[in-house]
Amino acid sequence: MPNAGVGLAPEEETLAEMLKSKGYATQIIGKWHLGNEPEFLPTKQGFDAYYGIPYSNDMWPVGFDGKPAKTDSYVAKYPVLPLLQIKGGQERPDTVMKINNLEDQAVLTEKYTRQAVDFINNNRKKPFFLYLAHSMTHVPIAASKKVQRNLRTRLIWRRDARNR
């Protein structure tokens, strides 16, 4: 839950901490969901850097139809979903963008993938650990225009193939 005041206990040893102690570069990209307060963020748990959302992509004040949640809805109490970034040495995350609507959510997969490719390219000559947790596999509520076009094309092709 956003702003719940709880998260992964700092004394828990994570895979990122183990690998970092062996000289690995570590990064998490995507959904963290183990506490969104500064003391629980991934860079306090062995990750050198973080780029993603601090909790589930359906924990925001917007309905699955993309419209603002009605005031009596349980999601109306959620804050705007932030896309965060923490680079090495930062104590608090930067907000890359506020995710206000389905169009904003639709760009997350591409943004995460770009960040992952950059991390791999920047660390290809040394050991690294990348944890990539795409949001849309959890709650696929938004798709980019490109994915929508491809899906539409495949559905039309299947329909036409059945009608032959």
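1. Lysine 44 is partly exposed, its relative accessible area being 36%, where partly exposed denotes the range between buried (under 20% relative accessible area) and exposed (over 50%), computed with a 1.4 Å probe on protein chains only. The side chain of lysine 44 meets that of glutamate 91 in a salt bridge, with N to O at 2.9 Å; the term stands for a side-chain nitrogen of Lys or Arg within 4 Å of a carboxyl oxygen of Asp or Glu. Glutamate 91 counts as exposed, at 53% relative accessibility. Because glutamate 91 sits in the loop between S3 and S4 and lysine 44 in the loop between S1 and S2, the pair ties together parts that are 47 residues apart in sequence.

2. On provenance, this is a predicted model, in which local features need pLDDT of at least 70 and side-chain atom pairs count only at pLDDT 80 or more, while totals for chains, interfaces and linings use all residues. Residues are numbered from 1 along each chain as its sequence is written, and side-chain values use heavy atoms, with hydrogens and water left out.

3. As to the overall layout, the protein has 4 helices and 5 strands, and from the N terminus on its elements run α-β-β-β-β-α-α-β-α. Helices (H or I, at least four residues) and strands (E, at least two) are DSSP runs, numbered from the N terminus. Of the 164 residues, 37% count as buried. Among contacts (heavy atoms within 4.5 Å) with a separation of 6 or more, 60% are accounted for by residues 24 or more positions apart.

4. Another salt bridge joins arginine 114 to glutamate 110, the closest N and O atoms being 2.7 Å apart. Arginine 114 and glutamate 110 are 4 residues apart in helix H3, so about one helical turn separates them. Arginine 114 is partly exposed, with a relative accessible area of 46%, and glutamate 110 is partly exposed at 45%.

5. What do the dimensions of helix H3 (residues 108–123) show? At 1.5 Å a residue, its 16 residues should span 22 Å, and its end C-alpha atoms are 22 Å apart, which agrees; the expected span is 1.5 Å times one less than the number of residues. In H3, Leu108, Tyr112, Ala116, Phe119 and Asn123 are buried. Seen down the axis of H3, the buried residues fall within an arc of 65 degrees, so they line one face of the helix, the arc being that of the directions from the helix axis to the C-beta atoms. These buried residues pack against strand S1 (25–30), strand S2 (49–52), strand S3 (81–86), strand S4 (94–99), H2 and strand S5 (128–133).

6. Aspartate 104, in helix H2 (residues 102–106), deserves a separate look. Aspartate 104 is buried yet has no salt bridge, and the nearest side chain of opposite charge, that of lysine 111, is 8.8 Å away; for charge, Lys and Arg count as positive and Asp and Glu as negative, whereas His and the chain ends are not counted. The side chain of aspartate 104 does reach the backbone nitrogen of asparagine 100, at 2.8 Å. Leaving aside residues up to four places away in sequence, aspartate 104 touches Met97, Lys98 and Ile99.

7. Two backbone angles may be checked by the reader. Asparagine 3, in the segment before H1, has a positive phi of about 55 degrees although it is not a glycine. Histidine 33, in the loop between S1 and S2, likewise is not a glycine and has a positive phi of about 60 degrees. Histidine 33 is partly exposed, with a relative accessible area of 29%.

8. Finally, proline 127 is found in the loop between H3 and S5 and is partly exposed, its relative accessible area being 39%. Proline 127 and threonine 26 are 101 residues apart along the chain, and their C-alpha atoms are separated by 9.0 Å. Not counting residues up to four places away in sequence, proline 127 touches Gly23, Tyr24 and Ala25.

Terms used:
A polar contact is a pair of N or O atoms within 3.5 Å; within protein, one must be able to donate a hydrogen and the other to accept it, and residues adjacent in sequence count only if both atoms are side-chain atoms.
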